[in-house]
Amino acid sequence: MNGKLCGLLQRLASPIVATRLAKEELCLSMSAIARLRLRKDQIGFLRSTDTLSTRAHRISALCTPTELAMLAEGADAIASPRMDLADALIDEMYEAVRTAKPARIAHVVSVVQYSAGIELYLNETVAALLRSGAKLLHKSDGATVLTHYVQLSESRLPVEAFHGLMEELRAKATEGQRLTFLKAKTGSSGATIGQGSGSGLDGDAKALAEDHALVEDEEEGEEKEAWTAPRARRWMSQWANGGGPWKPSEAIQAVELYTHFAVRDFILHEKIQEITLSVIPSATKYELEEIRKTVLSSCNVFALLRDTLTRRRDAESGAPVDGAGSTHSEGSCAAVTEMPASTRAYNLVTAGRRVPEDLMFEVVKEQSCHTPVDVAAQAGCIFVERGEIPEGVLLQLSAERDKLGPQGVVALVRLARRDSTGAVLPLCAAVLHRFAAEGIQGAAVETVLELCENLALPLPRGLREEDLSQLRGAEEMLREALSTRLLAVVRGGCDLRFQCRVAKAALVIDTNNELVQFVCSAVCARGQPLSVEQALLLLDLLCKRDFIHEPVVDVMEVAFRGLVESVVARMEASKEVPSEDVRYIAHFAAMQAEFDVPDFDPVALFLLRAVERDPTRVPTEMLPAVGLLCLRGGRHDTVAKIQNHIIKQVGTLSVNAVGELAQLLMVAGHNTVDELVDELHSAVTGILVREGNLLAEDVAKVAAACCRRGKAVDERVVDYLLNHMSALSSHVYTDLCRFVHLTPSPPLLANSLVDDFPRRLDLLSPGEIAEVAFGLGEVAELGQRLSHQLATERCSDYVIDHSQVFWRGMDVARLLYGFSRMHCTKRSLYNVFATRLAHRPILSTMGQEAISIAIAAFGRAKYLDKKLFDKFSRRMLAQTDALGAAELLFTIRGFSRVMLLNDRLYDELGARAAEKVKEFPVDSKCVLLNSYGSLGVTHPELATKMLSGIVESLSELKDANKAVGVIASLWQMHHSLEGDEHVATLTDWIVDRAHELDEEAIGKLCVVMRETNWRNVPLLRAVAEQSVRLQRQENISPNCCRAVLDTLGTFMLHHQGARENLSALARSVSKERIQLSEEEEQHLQLLLQR
């Protein structure tokens, strides 16, 4: 074989190629390998054929008999020793024969011949498959195929069964085929195909006899050999065919072996189930419980046995309480009562609920005594959400890791993903290796699904690469084992709802979409029309998996079209629509709005047009979902009509419709109707009062809608969110943080969001971290509480340690601005991100908005990086004409706070701000003048236009102290105060509201009037009178008293009250100079230097 062919086969068998082959591609590849007729010594160059075998096993359930034969021939050619693959091919082929699918004898020969080549392999279904050859015989079957078939049948079937089969074949065969049968029978001489493999009848009988002796020895306490898959198969076959009498203990062992070794043998399965059912009446309660425990751990096998045991147990529990029933009831109650506190708290944590302090106290007390290792793992999950894992828990997990059961493994996986220190990773890797190899078959399906959900949690950032590589290897093994287990589950007798649930839970492990493909293909293979409920289940599955399966979509479209046409016809005829159909339509519309399947667009458009023609005929229950569909299509006018129509009927909506309406308000944003927000808020509050079953995410969306519209959030809604904060998804939590600063409600919700921020850092994307920090930074008075400071400290440390994940300039800018607003003064934070922003890949992607926000953030922190700010200055000068009002405000304020001197920059920015003077609110105009004044930069155009705008909007100015700041800034900008009519108007307004002036404003007025020799008698008298009032309230300092008296003396204005009340304090201060604050001193020094 040449080198190119070897390389091609190696590439085909490599995991990166084999796992991505579609069903048809793999079948053709396996058939091509079989046609190469490779000898065993020629396939030694293949490093591993396991990936090909695994892929073949996974897709076998989707294959036709022809494709099954192709897979079997390829597996035989590469000498794959996989018993599970042989089981799957035999089982699927037998199912095809039983259901009369177009199968041929050649297909059966290929599958059986492959199984015959596997050492020590035994499968009861092979004989049944061979016995079906008579009905598969076709006149075109050739001599080679029939000869192989006869030889296989003679080696696998008892003599009587073989002779009976031959009679059936002769009766149906042509003359040429009869001759072939005769030659094959006389020439076989009792030889078996694959001689030496240990699969012949004599070898099997001998092995079975040996196993029987071993079992008898074990019963005497002399165990000589451990259970292996071949030995378990031989023992179960001997036991099932032994003819009885059967013991319950043997039935238990047979059921355990069948499930533990994941055997897939239809005939053996039916025999074991039938025998076990026959021994149930004579079994003790303990034996019944053992059987029940085993069958419940694997819901894809022994369905009839499981149902029988469940009905029997239900009947016993419903009977009068005496004897065994009394004992069972008491035991159940005791089990509930004795549930460890750690387990109860763990269940609350996994449900996203807050752990009460009294329960947390019990968990802490529980750590002082020895608990099972599974409970210790659960306790670790509780503590890691609140900080660090106790050392005692870590030591117990390390010492008893081999004792971890399935529930403990599930908790350990969650613990490893929530522990940012990485202390549990090596332990978790070792446990997952063991669990994937030994424990997964014994785990209940619910536990397996919970494990899949925990694997979906993101790993913490910044872990050591060595630990991560070990964990990745273990998780790869685990994912493989989980996929195999869950594929076996969905192939079993479970209904479509459970299949969809399994496929959704397996999102992380089902990387090749094998589970979801199987579910969809199985639906199509039935060839029956779907009910609307089934179609909705499948649409939900496709939506959650973000996967399209065209054949099943075509089948679903028929169901949805029929539903929509029926409902629209009823609406147009003014007939009542059944509530069930209304809910179905709403569910379809909501999911189509989210997933947007192109094949369903005509159906959705037909529904939308019917709603647009007359919204009043549409049942209110389906309007919120239809509104989501309208938003997806950009039909904003229809959305407005829907909102106005719903307003008076919000109280009649179901819980599902309330959730859809909450989503509508979140997506609609500022296009929502205020009255509808109020009505929905009241409805949600009412449902919570009645203890309704509302999702925490829906409640959070309503709260976010209220915050966005500047409305108060009810205390009961806030309490509910506080108790379910951990249940919120990342994007809903982010939306709440973005808008919480707009609500006038008490800061309880904002405090909880801040406290939860450090816990969520590993769950949030870099963009979401930036949005949360930016939103929380806008909350008034945030950062003053000690808990806020501690949370901010932890979050700032986190973003510094993981600064490399922030690659978008806007994210960095919003992150820094949020932390600066939260009073984070840590210099290392600004050092790290200033260096990061200076990198060309990041800086080049920053727009004007991002740069202005970054400048404002550095300005608030008083941090100046000269090189970075020079780059910012050049970018701003180049784009001055494109700057908006908000960007100008952020930029000018930021530059002034770091006292960056650049005359050209300030001239250009000031001119642009003067052009946009009408776009600035009055407070922003004051801030702009303060910024220029603090630097002493002269800009007559800006000063004149801003002052004019402030005077025109005096009614909007709520504080006289800001007006004083404007006058001080104008003085610092060298603007003439005397003779300016706008200054006079502003001064008169200050005089009228002089009672609002504080000590700082009075000091500024005194300095300005003395330095400019500006004698304004009404203003002087107002300042003196307000100073007297502040002195009586003990809210004025000696320095301020000294300044007031000096100013009155400078302008020779006598004020008896000021002289009498302020003199005592003023005498304690030198008359030579006024004491300035540190910032004012810096400004003064800057002015003197200029």
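Predicted model: local features only at pLDDT ≥ 70, side-chain atom pairs only at ≥ 80, totals over all residues.
**The whole protein**

Let's start with the overall picture. The protein has 59 helices and zero strands. Its radius of gyration is 40 Å, well over the 31 Å given by the globule rule for 1090 residues, so the protein is more spread out than a compact globule. The C-alpha trace spans about 140 × 75 × 70 Å along its principal axes. Of the 1090 residues, 53% count as buried. Among contacts with a separation of 6 or more, 76% come from residues 24 or more positions apart.

On the charge side, there are 121 positive and 146 negative side chains, and the centres of the two sets lie 4 Å apart.

**Aromatic pairs**

Across the whole structure, 17 aromatic pairs are found. Here are two of them, with their geometry:

| Pair | Type | Centre to centre | Angle between planes |
|---|---|---|---|
| Phe869 and Phe895 | edge-to-face | 5.7 Å | 65° |
| Tyr906 and Tyr932 | edge-to-face | 5.8 Å | 70° |

Phe869 sits in helix α48 (residues 866-878) and Phe895 in helix α49 (residues 885-897), so their pair ties together parts 26 residues apart in sequence. Phe869 is buried at 0% relative accessibility, and Phe895 is buried at 0% too.

The tyrosine pair also links distant parts of the chain: Tyr906 belongs to helix α50 (residues 903-915) and Tyr932 to helix α51 (residues 922-935), 26 residues apart. Tyr906 counts as buried at 1% relative accessibility.

Finally, ring pairs join Phe869 and Phe895 with Tyr830, Phe858, Tyr863 and Phe872 in a cluster.

Methods:
Residues numbered from 1 in each chain as written. Heavy atoms only, no water. Helix = DSSP H or I, 4+ residues; strand = E, 2+ residues; numbered from the N terminus. Rg over C-alpha atoms; globule rule 2.2 N^0.38 Å. Buried < 20%, exposed > 50% of the residue type's maximum accessible area, 1.4 Å probe, protein only. Contact = heavy atoms within 4.5 Å. Lys, Arg positive; Asp, Glu negative; His and termini not counted. Charge placed at Lys NZ, Arg CZ, Asp CG, Glu CD. Phe/Tyr/Trp six-rings, centres within 6.5 Å; stacked < 30°, edge-to-face > 60°.
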